[in-house]
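Trainee: I have a new structure to learn. Please walk me through it.
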Amino acid sequence: MSKEITQQTTGQARPIEYTTPAVDIHQDGDGYVVEVELPGVSKSGVDLTFEDGKLIIIGHREQKEKGGRVLLQEIRPADYRRVFDLDPTIDPSSIQATIEQGLLRIRLQKAEAHKPRKISIN
Amino acid sequence: MKLIRYNPVAKDLWTTFDRLNSLRDLFDSALALAASAPLGYREWFPAMDVREDDHAVTVELEVAGMKKEDFDISLERDVLTISGERKAERSENTGESFRNERFFGKFSRSITLPTAVDATKVTATYNDGILTVTLPKAEEAKPKKIEVGVS
């Protein structure tokens, strides 16, 4: 999935406007948890790509036809995009993600070789 | 902050400096207020959209990662208030933070509705981080087509 989507999103001729989502990153055990706020994005609207050491997060908003007169508009209708450089100690195959009520939670694990190890003395 | 009498004739340099000083005081007090609350727990206002059609007023509030029980929606006369609290989910494994851009804590938003609504028919759904409150218009507020008979 990743390759197709990457080409599709990077090969665009005209620039697309994106909103930068708010992100929290914290250490969790041996790995990291990245929390990305993507309100308006369902599970199928998330494109998560790992390429060249970069984690690319794209969230496509569900486009719904909304009728009527607009009295107040504060919600930006643009899609979301955010890119992070991942530490080389992170194992790309360990990346797992879930989305619940517009909150994308990405779990990153350090590669086995980089995990802290306790050495016992004989 | 000092009050300076407005005097368009006096072009004294020192008066201008005085004015700049009082402006600086104003900025300083605003900055001090913003810095007093801990990061992520400042007052925050989720983005809101309001639409109106012939049948209903629809209010959407953008708040990701909440639980539906944590919203409080109330209608008092023609004022709709949506409030709630977002709690940070941290386990005992949670360690050092590298980015803290999300807001947590209490929020509250109110709007005055443009027309009378039927309070008994108000519904709310929470989906993909967007709270949608639908307020059907009261019968008397709906536009009516009046047939004029020609005799």
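This is a predicted model: local features need pLDDT of at least 70, side-chain atom pairs count only at pLDDT 80 or more; totals for chains, interfaces and linings use all residues.
Trainee: What do β2(A) and β3(A) form?
Mentor: A hairpin, with two residues between the strands. A:Gly29 sits in the turn and has a positive phi of about 60 degrees. Strands here are DSSP runs of E, at least two residues long; helices are runs of H or I, at least four long; both are numbered from the N terminus.

Trainee: How many bridges pair the two strands?
Mentor: Six, and β2(A) and β3(A) run in the antiparallel sense. Two strands pair if DSSP finds at least two bridges between them.

Trainee: Which strand of chain B does β2(A) join?
Mentor: β5 of chain B, residues 94-100. Four bridges link them, and they run antiparallel. A:Ile25 stands opposite B:Arg99 there.

Trainee: Now the whole interface. How many residues of each chain are in contact?
Mentor: 37 of chain A and 36 of chain B (contact means heavy atoms within 4.5 Å). The buried area is about 3100 Å², and carbon and sulfur atoms give 45% of it. In chain A, A:Asp24, A:Ile75 and A:Gln101 lose the most area to chain B. Together they make up 21% of what that side buries.

Trainee: What does buried area mean?
Mentor: It is the accessible area (1.4 Å probe) that two parts lose on being put together, summed over both. The size of an interface is often given this way.

Trainee: How many salt bridges cross it?
Mentor: Eight by the rule, which asks for a side-chain nitrogen of Lys or Arg within 4 Å of a carboxyl oxygen of Asp or Glu. One joins B:Glu60 to A:Lys66, with the closest N and O atoms 3.1 Å apart.

Trainee: And how many residue pairs are in polar contact?
Mentor: The rule finds 25 across the interface, both residues at pLDDT 80 or more. A polar contact is a pair of N or O atoms within 3.5 Å; within protein, one must be able to donate a hydrogen and the other to accept it, and residues adjacent in sequence count only if both atoms are side-chain atoms.

Trainee: Which element gives the largest share of chain A's side?
Mentor: β2(A), with six residues. By type, the residues on that side divide into 15 nonpolar, ten polar and twelve charged. Ala, Val, Leu, Ile, Met, Phe, Trp, Tyr, Cys and Pro count as nonpolar, Asp, Glu, Lys and Arg as charged, and the others, Gly among them, as polar.

Trainee: Next, B:Asp49. Is it buried or exposed?
Mentor: B:Asp49 is buried, at a relative accessible area of 3%. Look for it in strand β1 of chain B, residues 48-52. A polar atom of its side chain lies 3.0 Å from the backbone nitrogen of A:Ile75. Not counting residues up to four places away in sequence, B:Asp49 touches several others, including A:Leu72, A:Gln73 and B:Thr58.

Trainee: What about A:Arg105? Where is it?
Mentor: A:Arg105 is in strand β9 of chain A. This residue counts as buried, at 18% relative accessibility. Its side chain makes a polar contact of 2.9 Å with that of A:Glu35. Beyond four places in sequence, its contacts include A:Val33 and B:Glu89.

Trainee: Last topic, chain B. How many helices and strands does it have?
Mentor: One helix and eight strands. The order from the N terminus is α-β-β-β-β-β-β-β-β. Of its 151 residues, 29% count as buried.

Trainee: Which strand holds B:Leu131?
Mentor: β8 of chain B, residues 130-136. B:Leu131 is buried, at 3% relative accessibility. B:Met66 is 65 residues away from B:Leu131 in sequence and 9.7 Å away in space, C-alpha to C-alpha.

Definitions and conventions. Residues are numbered from 1 along each chain as its sequence is written. Chains are lettered from A and ligands numbered from 1 in the order in which they are written. Side-chain values use heavy atoms; hydrogens and water are left out. Buried means under 20% relative accessible area, exposed over 50%, partly exposed in between (1.4 Å probe, protein chains only).
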